[in-house]
Amino acid sequence: MDDHLLKLGFEKSLSESTLYVKNVGSNIVIISLYVDDLLVTGNNAAKIGEFKKEMMKVFEMTDLGEMNYFLGIEIKQTQNEVFICQKKYLKEILKRFRMGECKSVNTPMNQKEKLQKEDGAERVDEGVYRSLIGCLMYLTATRPDILYPVSVFSRFLNCASELHMMAAKRVVRYLKGTLTYGVKFSKIQNFKLYGYSDSDWAGSIDDMKSTSGYCFIFGSGCFSWCSKKQEMVAQSTAEAEFIATTAAANQALWLRKIMVDLQLKQDDSTEILVDNQAAIAISQNPVFHGRTKHFNIKFYYLREVQKNGEVMLVYCKTENQIADIFTKSFHVSRFEFLREKLGVCSS
């Protein structure tokens with residue numbers, strides 16, 4: 001497949017090995033390859049039709065028409081909107097774990113709950129727990145609102161207790177009440193890539209490590225998100241934020257390269273909104289502060305990408321920090337506010 005696409009004049013992206021792009025004048029054809037499944041798009045229907053004919057001469061293929069279902073993800077396309085969800089897959093999860101009749105809840109995680117490995121509770125079947133977490137992980141492809149709790153619960157795959165299982169099942173109860181939810185992308189005039197970065201500090205009881213969270217928006221909706229425990233113990237909130245922002249900057253650079261491949265080059269710096277002024281000041285000030293002596297090479301990297309003009313850290317108020325939802329749990333009103341800002345809503 002790779003050889004044939006290259007023969008047809010497609011260029012393989014250096015940043016994403018499954019992405020192929022062919023430019024003919026002002027026309028563009030974009031291919032995304034996943035094993036034996038192809039997604040084809042572009043700005044010229046005739047060119048797309050020519051590509052399909054060329055492929056069918058060599059491969060036994062079926063044209064399924066406009067995309068509405070792909071790898072468990074449902075896609076609804078209208079004139080000015082695209083809505084993605086996993087409603088069918090979620091129904092299968094409810095049936096598989098016998099939770100079709102469970103009562104729904106308003107948030108996926110109890111705000112006051114602090115889970116740990118040794119909690120004194122009775123152990124549960126690890127196979128069942130792992131299976132449930134695995135299913136929930138796949139759901140995060142269209143449900144960023146459950147990413148943080150799923151990330152937390154995945155830390156206990158080898159020591160799952162009844163408390164961990166109850167917490168994981170709460171996510172399913174939340175999903176039952178938001179069965180039709182997904183991410184909506186609406187047509188807008190100006191496309192600008194920007195992101196949000198945040199962290200908690202020492203949120204893990206077991207090892208006192210912090211959690212990094214970031215998301216990126218292009219157009220009207222959030223399309224890239226992450227929630228991950230940091231690899232090192234941060235000695236301050238500024239350092240925790242700094243580590244999280246560095247991860248976000250890495251993602252921003254990769255996304256900018258993809259945008260170039262798709263003829264959507266970002267001429268301006270990609271803004272990453274951070275709610276910690278100390279972290280921003282440290283990343284921009286060339287003076288080597290005594291309190292940052294323990295920072296590793298990431299300190300210099302973050303300063304370098306800003307100097308090059310590829311990324312720019314911008315301060316935002318905590319109440320407007322969307323990435324908050326990837327680092328901690330909230331009460332209902334705050335959670336629903338952040339969920340809406342992500343673009344997660346009902347179909």
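Which side chain meets that of Arg130 in a salt bridge? In this predicted model, the partner of Arg130 is Glu126, with 3.3 Å from N to O. Both residues belong to helix H4 (residues 126-139), where they are four residues apart, or about one turn of the helix. Arg130 counts as partly exposed because its relative accessibility is 43%. Glu126 is also classed as partly exposed, at 28% relative accessibility.

The whole structure contains 12 salt bridges. One of them joins Asp2 and Lys12, whose closest N and O atoms are 3.4 Å apart. Asp2 is in helix H1 (residues 2-7) and Lys12 in strand S1 (residues 11-12), so this pair ties together parts that are 10 residues apart in sequence. The relative accessible area is 26% for Asp2, which is therefore partly exposed. For Lys12 the relative accessible area is 37%, and this residue is partly exposed as well.

A salt bridge is also formed by Lys184 and Glu81, with the closest N and O atoms 4.0 Å apart. Because Lys184 lies in strand S8 (residues 181-186) and Glu81 in strand S7 (residues 81-85), the pair ties together parts that are 103 residues apart in sequence. Lys184 is partly exposed, with a relative accessibility of 23%. Glu81 is partly exposed too, at 31% relative accessibility. Elsewhere, salt bridges link Asp198, Asp324, Lys328 and Arg334 in a network.

The next element considered is a hairpin. Strand S3 (residues 27-34) pairs with strand S4 (residues 37-42) in the antiparallel sense, over six bridges. Leu33 has Leu38 in S4 as its bridge partner. Two residues stand between the strands of the S3 and S4 hairpin, in which Val35 takes a positive phi near 55°. As a general point, side chains in a regular strand alternate between the two faces of the sheet.

Together with Tyr34, Leu71 and Tyr138, Val35 makes a nonpolar surface patch of about 400 Å². Leu71 is placed in the loop between strand S5 (69-70) and strand S6 (73-77). With a relative accessibility of 32%, Leu71 counts as partly exposed.

The largest nonpolar core has 53 residues, of which Leu136 and Phe153 touch the most other members. At least two residues of this core are supplied by each of S6, helix H3 (87-96), H4, helix H5 (147-153), helix H6 (162-177), strand S10 (211-218), strand S11 (221-229) and helix H10 (332-342). H6 gives the largest share of the core, seven residues.

With residues up to four places away in sequence not counted, Phe153 touches Met109, Leu115, Tyr129, Ile133, Ala167, Ala168 and Val171.

How values were computed: Residues numbered from 1 in each chain as written. Predicted model: local features only at pLDDT ≥ 70, side-chain atom pairs only at ≥ 80, totals over all residues. Heavy atoms only, no water. Patch = residues over 30% accessible without salt bridge, like charges linked within 9 Å, V, L, I, M, F, W, Y side chains within 5 Å. Areas by Shrake-Rupley, 256 points an atom, 1.4 Å probe, with all protein chains shown as cover. Buried < 20%, exposed > 50% of the residue type's maximum accessible area, 1.4 Å probe, protein only. Pairing = 2+ DSSP bridges. Core = buried A, V, L, I, M, F, W, Y, C linked by side-chain atoms within 4.5 Å. Contact = heavy atoms within 4.5 Å.
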